[in-house]
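Hello,

Here is the structure I promised to pass on. My notes follow below it.

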Amino acid sequence: MSDRRFRATTAFQRHVANPLTRLLPFQTLLETTGRVSGQPRRTPLGGRRVGDSFWLVSEFGVRSQYVRNIQADPRVRVRIGGRWHHGTAHLLPEDDPVARLRTLPKGNSAAVKMLGTQLLTIRVDLTD
């Protein structure tokens with residue numbers, strides 16, 4: 001079931017949800033560098049800035065394309081509140097992602113918990 005859920009969710013996100021939400025001016029976006037193409041890849045997501053860090057939880061862990069891009073190059077940009085910030089992303093498999101979701105915006109956290117099969121916490125240390 002989890003593989004079917006992964007395929008269905010990622011197909012919906014890739015072809016419907018992400019193209020639409022990327023257009024919203026205040027949608028939080030994570031920009032990674034494509035590990036094969038070298039081109040910028042922008043992924044709408046939810047999370048929260050805490051001081052000089054931005055926290056998020058990936059619902060599919062290392063199966064997510066943006067996580068694979070981070071593994072290849074952790075230098076990222078995050079658009080928060082319409083403003084871009086540079087940073088370095090860190091995958092935190094030792095962090096409790098369910099507990100982390102309780103500290104993040106409720107709507108996105110509920111969707112991540114409901115759809116996710118391999119939750120993974122990510123912290124982006126912002127440099128500007």
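Which residues does Thr 43 touch, not counting residues up to four places away in sequence? Thr 43 touches Thr 28, Leu 29, Leu 30 and Tyr 66. Contact here means heavy atoms within 4.5 Å. Thr 43 lies in strand β2, residues 40–44. With a relative accessible area of 15%, Thr 43 is buried (under 20%; exposed is over 50%, partly exposed in between; 1.4 Å probe, protein chains only).

Before the rest, some ground rules. This is a predicted model, where local features need pLDDT of at least 70, side-chain atom pairs count only at pLDDT 80 or more, and totals for chains, interfaces and linings use all residues. Residues are numbered from 1 along each chain as its sequence is written, and side-chain values use heavy atoms, with hydrogens and water left out.

Now the overall layout. The protein has 4 helices and 7 strands. These are DSSP runs: helices are H or I with at least four residues, strands are E with at least two, numbered from the N terminus. The order from the N terminus is α-β-β-β-β-α-β-β-α-α-β. Of the 128 residues, 40% count as buried. Take the contacts between residues at least 6 apart in sequence: 68% of them join residues at least 24 apart.

Last, the rings. Arg 77 lies over the face of Trp 84, 4.1 Å from the ring centre. The charged end of Arg 100 sits over the ring of Trp 55, at 3.7 Å from its centre. The test: NZ of Lys or CZ of Arg within 6 Å of the ring centre and within 35 degrees of the ring normal.

Best wishes
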